[in-house]
Amino acid sequence: MRLPILFAVAWLSCATLAASAAERPNVLLICVDDLRPELNCFGKSYIRSPNIDALAARGRIFERHYVQAPTCGASRFAMLTGRYGPSDNGALFKRAAQIAKNADSVSASMPAWFRQNGYTTVSVGKVSHHPGGRGGPDWDREDQLEMPHSWDRHLLPAGPWQHPRGAMHGLAHGEIRHDPSKMDLFQSSEGDDSIYPDGLITDEALRQLDRLSGDDGEQPFFLAVGIIRPHLPFGAPAKYMQPYRDLTLPPIPHPEKPSGKTTWHRSGEFMRYNHWGKDPNHDAEFATAVRKHYAACVTYADAQVGKLVERLNQLGQQDNTIIVLWGDHGWHLGEHGIWGKHALFEESLRSPLVICHPGLPDPGVATRSIVESVDIFPTLCSLSGLPQPDFVDGVSLTPILQSADAAGHPAVSYAKAQTLRTDTHRLIVHRDGYVELYDHRGEDGETTNIAEKHPELVEAMLQQLRQRMEG
């Protein structure tokens, strides 16, 4: 990975900054954890996602958006900095440690860039890896910021879950994860949205919207809201489970464990929870129950999105606000015999991306162009009229926003291996040099490794991957 490069920001005078900022649009960034592109607006009609669907009808749907890493911390690092980076969940804390040693050696994060250019920046919920953006045993130490210099306010209302760590994996009515094996894998409890942590996160985000549109309204705002569900454990109010109780789900595509060397794993995060001694790979009824509870969590998360957009409209800000809905990575629900993320298959790396902005041509039209999470930072700068950061690895997606047929670019991702996704193929390179190559033009997808049959294509994609990763 490239090391951060020095980038000096020339500060404008306060008067000039305020004058230019007053004409700029607001930004509402909605981050949803572990969200597959399994939404009605992405072609999955059995999922109830009316609020995201309505948002998508106003925006550009990126059907082939890929994250940089199939894990929360590394993926959020890339989105929030516009740069490829470490592949682990400590990526942003490593960056914070480097800032503490030599701040000038670290390029600005996206919220810091907006803050430096006259925006009030506020984060609520899980936007960086830790909800609330702090470290320490309970993730609430004020002296251990995950993203220094980035937020005017970085908030996590823990309520009965006591602290951000408790909220992250909380079940109904304040249940906190201590021993995962004693916490149920899924749950559906009677009550309103506030019996799970996302209800409190959304309520706080609505208060922040009111404040940003009122007393703080002299400056444009950059508000990021991080919804935790559908992250494990799969808990949501019972009303969101109701539509799925008697629903017949489509079969799981290619559910078998791969036979060759891949990034397959044993679904360790999933299996840590109390799964009642059942294995969804060998128990179809249990697999269906897991999938339905995941779907209920998606519909619960969708309801929180609806509340945010409705309040934005009530405040009269809809015509002056860019809205981005972003999933931090995908999630396997039995594909390749995996229940979780952390692999370099399509299911782990593809996630929803929807961008809405005032004056968007052809709203509701989807694009099949390939894009990456690192592209969000420069795109929001373009749409907001901010100076373009020259230290990012992403590119602005404004051409695709102007025309859904505009070209995209291959996507890079990484974990314990590295991968390049082109329009037709996926290449995966392991640390020992072993290569996987999959052709997405046929029905086999990522089940038949064709690397040995196509050495020239492998070499060409390897060169392209190396160029991208080395900058």
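Select His342 to begin: this residue is partly exposed, with a relative accessible area of 35% (buried means under 20%, exposed over 50%, and partly exposed in between, with a 1.4 Å probe and protein chains only). His342 has a positive phi of about 70 degrees although it is not a glycine. The residue sits in the loop between strand E12 (339-340) and helix H11 (346-349); helices (H or I, at least four residues) and strands (E, at least two) are DSSP runs numbered from the N terminus.

The model is predicted: local features need pLDDT of at least 70, side-chain atom pairs count only at pLDDT 80 or more, and totals for chains, interfaces and linings use all residues. Residues are numbered from 1 along each chain as its sequence is written, and side-chain values use heavy atoms, with hydrogens and water left out.

Select Trp139 next, in the loop between strand E4 (134-135) and strand E5 (141-145). Its phi, near 65 degrees, is likewise positive in a residue other than glycine. Is Trp139 buried or exposed? Trp139 is buried, with a relative accessible area of 14%.

Proceed to the loop between E8 (221-227) and E9 (234-237), where Pro230 lies. The peptide bond joining Arg229 and Pro230 is cis, with omega about 20 degrees. Pro233 is found in the loop between E8 and E9, and the bond from Leu232 to Pro233 is cis, with omega near -10 degrees.

Now display strand E13 (residues 353-356). Leu353 and Ile355 point one way, Val354 and Cys356 the other way, and all are buried. In a regular strand the side chains alternate between the two faces of the sheet. Strand E10 (residues 321-327) pairs with E13 in the antiparallel sense over four bridges (two strands pair if DSSP finds at least two bridges between them). Across this pairing, Leu325 stands opposite Val354. Strand E2 (residues 60-66) also runs antiparallel to E13, joined by two bridges, and Arg60 stands opposite Ile355.

Finally, select Ile30: not counting residues up to four places away in sequence, its contacts (heavy atoms within 4.5 Å) include Val225, Val305 and Trp326.
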